[in-house]
Amino acid sequence: MRVLLLHQNFPGQFLHLAPALVQRGDDLVAVGAKPGQLPLQASAAGQGRFRWLASGGNVADELRHPDPAQRLLAPWRQARRVVAALTPLAATGWRPDLVLAHCFWGDALLIDNLFPTVPLVALLELDLSSPLLGANRHEAGNRQIQQWADAVAIRRMAVGITASRFQRDSHPRWLHPRLRVLHEGVDLQACAPNPLARLHLRSGAGFGAETLLLSFAARSLEPLRGLDRLLAVLPALQQRLPQLQVVLAGACDRGCYGSPPASGESWLKQLLADLGPGLDHSRLHTPGLLPPDQLRNLFRISTVHAYLSRPYVPSWSLVEAMACGAAVVAYAGAGVEDLIEDGVSGRLVASDDPAALLQTLLHMLEHPDQTAPLRLGARRHIATHFDHRRCVSAQINLLETVAHPPSSTGGQAL
């Protein structure tokens, strides 16, 4: 197949799919904001061809512009940059069999200018206006406007992909027949338990499996991902467990998903200030974004890993933590129902019950020997349902059907 992948932060969700396409001999063109390399040296491993085109720009920052009108224009600007990057290639006569695009940022808006009638497979992460996210009517209206590029893609697409049932169910029911739940999967060799793992932070602190350690990880440390929920119980945890070390991995200076704090500070600074002097900062570590190998070591050595996100896209960090054999405590709901069965692959607590969260964390931290079945159950669940090889095979089968549909007498069977 000739495949065009569009993702402003390429490879993003195509981390495993892109190398697999090249390894099997496909002709792959990818457009991302920044130039880079296809991971895993895929172009040297198979007979396929890979070309990376850089669109430039920073649409993620443009979508956070304080002027709402500028935010609305951001996807249009991104679309124009993508077309500009692809125009020289299109002029040579190259034409894809299909386009696979993460559409939220606008990358696919003007693709018909170059490749009319080429089928579009749209990666749709979440309907931000869904009642599942707890949005009120005013918030839902604003969020719908923010997703206008997704709305255009839904009208144009041959089929859509979501990574979980929760994400699919956030979209209106009339759209569900056109959506397929296909997670990108996790590399079970890269994300595997290792009792000898060590975590070394730039501060000089070092930890291993012998450390009583509570871990928390998110792309950015903010309330949407549950930072406030964890910090609220942290003083009590520290008082009860004088040996406890806590590592909060993630960007400390900005938010990625939720609104910024009114103070103008980072959410981490504001929430820590709200706690006052009752916190032992010497046992609280905020190393920022950890490299992938170090983040996995954090999961491997943690006594308990807390995943306290509000309803949103189930994060890669949760899947990787479970693959690494972490004992996870999570809030029920929040899109984790495809991942955690309470008492089998982790522990679930009610999202409106901070006392239950505190007691669950205390019990698991005070009795780490009892978490072994949860660790095994977490690894087994991810290995059974999220092996990237199986996930990529399902993705490729769908792409083949779109690129080379069966006989049209009965309609396209997707």
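Here come some questions and answers about this predicted model.

The model is predicted, so to speak: local features need pLDDT of at least 70, side-chain atom pairs count only at pLDDT 80 or more, and totals for chains, interfaces and linings use all residues. Residues are numbered from 1 along each chain as its sequence is written, and side-chain values use heavy atoms, with hydrogens and water left out.

Q: How many residues of strand β2 are buried?
A: Strands (E, at least two residues) and helices (H or I, at least four) are DSSP runs, numbered from the N terminus. Buried means under 20% relative accessible area, exposed over 50%, and partly exposed in between, with a 1.4 Å probe and protein chains only. One side of β2 has D27, V29 and V31, the other has L28, A30 and G32, and all are buried. Strand β2 (residues 27-32) is largely enclosed by the rest of the structure, because the buried count is 6 of the 6.

Q: Which residue of β3 is the bridge partner of G32?
A: Two strands pair if DSSP finds at least two bridges between them. Strand β3 (residues 49-54) runs parallel to β2, with 6 bridges joining them. In β3, G32 has as its partner A54.

Q: What is the hand of the crossover from β1 to β2?
A: Strand β1 (residues 2-6) is parallel to β2 and joined to it by 5 bridges. The chain gets from β1 to β2 through helix α1 (residues 17-23). Hand is judged with the strands pointing away from the viewer: a clockwise path from the first strand over the helix to the second is right-handed. This β-α-β crossover is right-handed.

Q: Where does H7 lie, and what is its relative accessible area?
A: H7 is in the loop between β1 and α1. Leaving aside neighbours within four places in sequence, its contacts (heavy atoms within 4.5 Å) include V31, G32, H102 and W105. H7 counts as buried, because its relative accessible area is 3%.

Q: What separates the C-alpha atoms of A218 and G250?
A: A218 is found in strand β10 (residues 213-220), and it is buried at 12% relative accessibility. Not counting residues up to four places away in sequence, A218 touches G250, along with R225, A249, A251 and L289. A218 and G250 are 32 residues apart along the chain, yet their C-alpha atoms are separated by 5.1 Å.

Q: Which residue with a positive phi follows α11?
A: Helix α11 (residues 316-323) has 7 of its 8 residues buried, so it is largely enclosed by the rest of the structure. Those buried residues pack against β10, α10 (292-301), β13 (304-307), β14 (328-331) and α13 (372-385). With phi near 85°, the residue after α11 is G325.

Q: Which element gives the largest share of the lining of the second largest pocket?
A: A pocket is, on a 1 Å grid over the protein atoms alone, an open set of points where a 1.4 Å probe fits, with protein on both sides within 12 Å along at least five of seven lines; lining residues have an atom within 4 Å of a point. About 300 Å³ of space lies in the second largest pocket, and of its 16 lining residues the closest to its centre are A209, R300, S302, G325 and R375. The largest share, 3 residues, comes from α13.

Note on methods
Points joined across faces, edges and corners; volume = space filled by probe spheres on them.
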